[in-house]
Amino acid sequence: MFVRVETRHRPIRPLATFVLVGGCTLLFILLHRFDPAGIATMLQHYGTVPSRMVAALQRPGVDGIEQLACLFSALFLHADWPHLLGNMVFLLIFGSAAERALGSLPLLVLFLLCGALANFAGAGFYSNLSVPIVGSSGAVSAIVGAYITLFPRARLGIVIPLGVFVEFVRMPAGILIGVWILIQVLFVVVGPLSGALAWPVHVVGFLSGAAFAFLSRPAIVRRLRNG
């Protein structure tokens, strides 16, 4: 299943993608003005902590609502620079391309809804752990899943730095996804324990993004034809 239609619409600027990247980067800078203990406290408080999430949902009330909110706030928090850059680069590449097909508002819904669902799945899978799940990995996986579902044969433009020069090249989306997977594997091997928590988050994010794209396909086709 993929989208391939003649279109007359004018390309839109991926404003939602820029807002998401800018928001994550700004929060990272603000967060890392704290000392290490303060950073750990903030990640623990606003991240998705599996054991705390499960306990709160067993006692419906304000605490449960706060923990559900953490499913969303965790999407904008990153533990370190490699964690942030790894997510933001692929959010820019796939988010910009997906936003041109989906539109800005659906892209935001995809990021938030599927990202929160991915975090919830991670919390359920590791229900006894107290290590916070943070980062945009689940949401970015959802965007990757949505884009490759809609455009499996697409080639995406990227800028490659070559010393003092840069080169713009078009690369098959499948290769970029392979690079994305490799980076996630490296995070698990050399990263902190929270890196290992990413696997169910990535899988559920990718599958939920693919489902989102499948359900959105009629609206996307209409938009591309009539835009």
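Student: Which residues does Asn119 touch, not counting residues up to four places away in sequence?
Tutor: This is a predicted model, and in it Asn119 has its place in helix H6. Leaving out residues up to four places away in sequence, the residues that Asn119 touches are Thr48, Leu71, Ala74, Leu75, Ile133 and Val201.

Student: Is Asn119 buried or exposed?
Tutor: Buried means under 20% relative accessible area. Asn119 has 1% relative accessibility, so Asn119 counts as buried.

Student: Thr48 is one of the residues that Asn119 touches. Where is Thr48 found?
Tutor: Helix H2 covers 36–46 and helix H3 covers 50–57. Thr48 is found in the loop between H2 and H3.

Student: Is Thr48 buried or exposed?
Tutor: The cut-off for buried is under 20% relative accessible area. The relative accessible area of Thr48 is 0%, so Thr48 is buried.

Student: With which residues is Thr48 in contact, leaving aside its neighbours within four places in sequence?
Tutor: Thr48 and Ser130 are 82 residues apart in sequence, and their C-alpha atoms are 9.2 Å apart in space. Contact is a matter of heavy atoms within 4.5 Å. With neighbours within four places set aside, the contacts of Thr48 are Met53, Cys70, Leu71, Ala74, Asn119, Ala123, Val131, Pro132 and Ile133.

Student: How many disulfides does a search of the whole structure find?
Tutor: A disulfide is a covalent bond between the sulfur atoms of two cysteines. Cys24 is buried, at 0% relative accessible area, and Cys70 counts as buried at 6%. For disulfides, the search of the whole structure gives 0.

Student: Which element gives the largest share of the largest nonpolar core?
Tutor: The core has 33 residues, and those touching the most other members are Leu91, Phe94, Leu102, Leu107, Leu110, Phe111 and Ile143. Two or more residues come from each of helix H1 (15–31), helix H5 (81–102), helix H6 (104–125), helix H7 (137–150) and helix H10 (198–226). The largest share, 10 residues, is given by H5.

Student: Which residues does Ile143 touch, not counting residues up to four places away in sequence?
Tutor: Ile143 is among the core residues that touch the most other members. With residues up to four places away left out, Ile143 touches Leu91, Phe94, Gly95, Ala98, Leu107, Leu110 and Phe111.

Student: At roughly what angle do the axes of H5 and H7 cross?
Tutor: In H5 the residues that meet H7 include His83, Asn87 and Phe90, and in H7 those that meet H5 include Ser137, Val140 and Tyr147. By class, this contact has 11 nonpolar, 4 polar and no charged residues. The crossing is left-handed. The axes come within 9 Å, and they cross at roughly 35°.

Student: Is Phe214 buried or exposed?
Tutor: Phe214 lies in helix H10. Phe214 and Thr149 are 65 residues apart in sequence and 7.3 Å apart in space, from C-alpha to C-alpha. Exposed means over 50% relative accessible area. Phe214 has 51% relative accessibility, so Phe214 counts as exposed.

Student: What percentage of the residues in the chain are buried?
Tutor: The secondary structure comes to 10 helices and 2 strands, in the order α-α-α-α-α-α-α-β-β-α-α-α from the N terminus. Among contacts with a separation of 6 or more, 79% join residues 24 or more positions apart. The chain has 227 residues, and the buried part of them is 44%.

Conventions
Residues are numbered from 1 along each chain as its sequence is written. This is a predicted model: local features need pLDDT of at least 70, side-chain atom pairs count only at pLDDT 80 or more; totals for chains, interfaces and linings use all residues. Side-chain values use heavy atoms; hydrogens and water are left out. A nonpolar core is a set of buried Ala, Val, Leu, Ile, Met, Phe, Trp, Tyr and Cys residues joined through side-chain atoms within 4.5 Å. Buried means under 20% relative accessible area, exposed over 50%, partly exposed in between (1.4 Å probe, protein chains only). Helices (H or I, at least four residues) and strands (E, at least two) are DSSP runs, numbered from the N terminus. Axes are lines fitted to C-alpha atoms, for helices over the stretch in contact, and angles run from 0 to 180 degrees between N-to-C directions. A crossing is left-handed if the near helix is turned anticlockwise from the far one by less than a right angle, and right-handed if clockwise. Ala, Val, Leu, Ile, Met, Phe, Trp, Tyr, Cys and Pro count as nonpolar, Asp, Glu, Lys and Arg as charged, and the others, Gly among them, as polar. A disulfide is a pair of cysteine sulfur atoms within 2.5 Å.
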